[in-house]
Amino acid sequence: MTGALATVVEVFVSGMAKASLYAMMALGLTLIFGLLGVLNFAHGSLTMVGAYVAGLVMVTFAAGSSGLGAVVWFVVAALVATTLVGGVGAAMEVGLIRKLYDRPPIYQILLTFGVTLVLDELMRIVVLFYGQQPRADWRAALGTKPSFVDGNVSVLGASIPALELFEVAFGVLVVVAVWAFLTQTRYGLVVRAGSEDDEMASALGVDVRRVFTVVFALGAGLAGLAGALLMWDPAWGASVPLASETLLPAFVVVIVGGLGTFRGTVIAAVLVGMVDGVTTYFFNEGIITFSGISELMIFLILVGVLVVRPQGIAGQAEVGGH
Amino acid sequence: MSLLEVEDVHTYYGESHVLEGVSLEVEAGEVVALVGRNGVGKTTTLRSILQLTPPREGDVRYDGESLVGLETHEVADRGVGWIPEDRRVFAHLTVEENVRLSVPPGSDEEAGLETAYEAFPDLREFADREAGTLSGGQQQMLSIARGLVNENDLLLVDEPSEGLAPLIVENVAESLQSVAEDTTLLLVEQNLPLALDLADRFYVVDHGQVVDEGSTEGVTTDDERFERLSA
């Protein structure tokens, strides 16, 4: 019985850790779509840049630190990644995307897809220049993981990787912070109003254009923050392919949750994360031998939602856009 | 100098020439009605003033300052408010959030809420409900309340009686009369009796141009100038 409970706890924490990562990858994407109606195909690349930037801060300044020192440096690295990638997002919105709001969505899709190609190639060149392999995880960044998130912790008789608990705590913190911003601040109110009717919001005195820039920067910053968390995770790590590896699940979560809805995105992240956690457990235990079972199940959820409820769990028939 | 001067405004939707030289003036403290059939350019006139659909030619001056080339939020900052024809409340925001959002930054939100609830006591009861769940009349009240707390000197009111039951229209008319005590109104209304009842002056719009104007004093819906419109 104790063994069964321990297994349940292990699978639950593993699923919630994955849910945290998926939520962080998808929240920025859904915020940007909700307000601007832009499907940002460069979101995965921004996550990848965030992983490298945070890794660079850790490798440069935090190598060898432990305990509280390592935590402080991780916070600094996360803030630097969030700010820098947020700045890239703001520049993208002002310099590129703003010109395309009145065009059909295909223009924005092509543009952001182009940005992802440019960012990926730029990062590939930089990484190669420093003698690293773009496709391989950056071992030095993985190595900056402090000891307290490297081992296992015993919870209700289960042996839980400390990193998973850290990811859950971090993810919950970010989700609560974004929720508080959207529902408890005047700027959040402005963002929600602008998502519904940007023309009416501007007629009430809201500088919608500036709100667009701030939200795009915030969405991009969240992608950077997700990257900072992913650089330590052995299943992800800082590498150029992280861009496409994170973009796909982020899109699945956003579509399953309902494009542009915060609540739906969080629910979908938990759903997808738990399914991923359970199927990974079955594979690891040899109950299922097909190695792609997690990906298959996640895409089956996507197909099921698209067939039964195309607007997603919490979406409406039409959201976003202008 | 009039509070609002619209001078020879030409506005297009794409290649479609909708306003073909609209000119009108609104004095401070007046209620002015724009009347005319569907699709003649009344709503576009309001959108042109707000710079939501900026005119290609002509000028719009508010308090002597040209609004052409400004962003809509800058027009709103100068004191021009809008109560749009289909209410356009933020459906997924609560009634209270709709009102709070309309209070200008730096002003007292609580005082704004009190102003709205004093004018429309029913809204207090629905404060925590999503605005999209309200009836058409309640949404219209909320829309007017938003305009009220937005601290405007000029309110552009578009078809306030559209789609409402006669009893509700009476309430809306009373509310607008109350708002007009402190605020200048430019009112688009197809309900001629209502328009004549509320307004001091009127402009008749047809095919994107002002074709008639005058005082509403002593004018009834039997006036030959309106017979064509009423038909």
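**Notebook: a helix of chain B and the A–B interface**

I started at helix α4(B), where Asp108(B) caps the N-terminal end: one of its side-chain oxygens sits 3.0 Å from the backbone nitrogen of Glu110(B). A reminder to myself: this is a predicted model.

Next I asked which residues of α4(B), spanning 109-119, are buried. I found Gly112(B), Leu113(B), Ala116(B) and Tyr117(B). They lie on the same side of α4(B), because the arc they cover around the axis is only 130°. I then looked up what covers these buried residues, and the list includes α3 (95-102), α5 (121-125) and α6 (136-149) of chain B.

Then I turned to where the two chains meet. Here 18 residues of chain A are in contact with 26 residues of chain B. I noted a buried area of about 2,000 Å² between them, with carbon and sulfur atoms giving 56% of it.

How many salt bridges are there between chain A and chain B? I have six in my notes. One I looked up joins Arg192(A) to Glu97(B), with the closest N and O atoms 2.8 Å apart.

On the side of chain A that touches chain B, the elements giving two or more residues are α7 (186-196) and α8 (198-203) of chain A. Of everything there, α7(A) gives the most, with six residues. Sorting the residues of that side by kind, I got eight nonpolar, three polar and seven charged.

Note on methods
Residues numbered from 1 in each chain as written. Chains lettered and ligands numbered in written order. Predicted model: local features only at pLDDT ≥ 70, side-chain atom pairs only at ≥ 80, totals over all residues. Heavy atoms only, no water. Contact = heavy atoms within 4.5 Å. Buried area = accessible area lost by both parts, 1.4 Å probe. Salt bridge = Lys/Arg side-chain N within 4 Å of Asp/Glu carboxyl O. Helix = DSSP H or I, 4+ residues; strand = E, 2+ residues; numbered from the N terminus. Nonpolar A, V, L, I, M, F, W, Y, C, P; charged D, E, K, R; others polar. Buried < 20%, exposed > 50% of the residue type's maximum accessible area, 1.4 Å probe, protein only. Arc of directions from axis to C-beta. Polar contact = N/O pair within 3.5 Å; in protein donor to acceptor, adjacent residues only side chain to side chain.
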